[in-house]
Amino acid sequence: MLGANPLRAFAMNFGKLEASNPKCINMAVGVPIDATPAVVVEAKKEWVELSALQGKNGYGDPKGMDTLRHNLTEYYTSTYNLSADAINPDDFTITTGGSSHSLSLSFELLMRGSQGQGQLIILAPFFGPYVGMVKLANGNEVLVDTDKDFLPDLVAIEAAITKDTKAILINSPNNPTGKVYSK
Ligand SMILES: Cc1ncc(COP(=O)(O)O)c(C=O)c1O
């Protein structure tokens with residue numbers, strides 16, 4: 001139903017080309033060219049050892065590690081010169097990436113009851129997985145090009161709105177252009 005993600009397919013095929021031709025640089029999916037910094041590698045090793053030795057390999061606090069939330073509080077308080085009681089560790093919840101999942105659920109809700117007719121306007125270029133998410137929600141993507149500076153083209157957006165339009169997806173800062181829209 002969804003078909004292959006063309007960007008992934010391109011990136012994988014280009015990867016093979018890159019391996020045989022050093023002049024090729026694969027910029028398809030933002031893979032870093034630098035090695036992971038040594039400090040990160042060391043910290044990870046240390047954490048693996050500590051968790052094995054101290055038995056800290058089970059479920060932790062659902063809000064995230066206490067020390068991490070305390071350190072974040074200190075970091076933001078000093079970096080942004082906040083008063084001592086402006087924020088506290090309970091204001092932080094540490095999560096893994098979750099925006100794709102929540103967007104997917106939002107699309108499901110938006111398309112509910114539209115019998116496959118609902119439309120979502122997406123400004124192009126766009127983050128590749130959006131189209132699959134809309135299809136999965138039994139909706140239809142309506143792609144509207146941005147202008148030559150990758151800014152929203154209001155006339156084109158207005159022309160794309162129909163009675164079946166459920167929402168306009170605005171992604172700013174934009175992936176892949178990096179463009180930040182003004183209000
Ligand atoms: C615009 C955009 N949306 C969603 C995601 C995925 O985020 P997550 O890992 O939180 O699902 C990315 C990741 O690059 C992104 O650039």
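Three strands make up an open sheet in the order β2-β1-β3, with parallel pairing; strands here are DSSP runs of E with at least two residues, helices are runs of H or I with at least four, and both are numbered from the N terminus. Two strands pair if DSSP finds at least two bridges between them. At the edges lie β2 (140-145) and β3 (165-169), each of which pairs on one side only. From one strand to the next the twist averages 25 degrees, where axes are lines fitted to C-alpha atoms, for helices over the stretch in contact, and angles run from 0 to 180 degrees between N-to-C directions.

The model is predicted: local features need pLDDT of at least 70 and side-chain atom pairs count only at pLDDT 80 or more, whereas totals for chains, interfaces and linings use all residues. Residues are numbered from 1 along each chain as its sequence is written.

Strand β1 (residues 119-124) pairs with β3 in the parallel sense over four bridges, and I122 stands opposite L169 in β3. Helix α5 (residues 129-136) packs on this sheet and touches β1, β2 and β3; contact requires C-beta atoms, placed from the backbone, within 7 Å. The direction of α5 makes about 150 degrees with that of β2.

Around the ligand are G97, G98, S99, S100, F127, N171 and N175, each with its C-beta atom, placed from the backbone, within 6 Å of it. By class, this shell has one nonpolar, six polar and no charged residues; Ala, Val, Leu, Ile, Met, Phe, Trp, Tyr, Cys and Pro count as nonpolar, Asp, Glu, Lys and Arg as charged, and the others, Gly among them, as polar.

Conventions: Contact = placed C-beta atoms within 7 Å.
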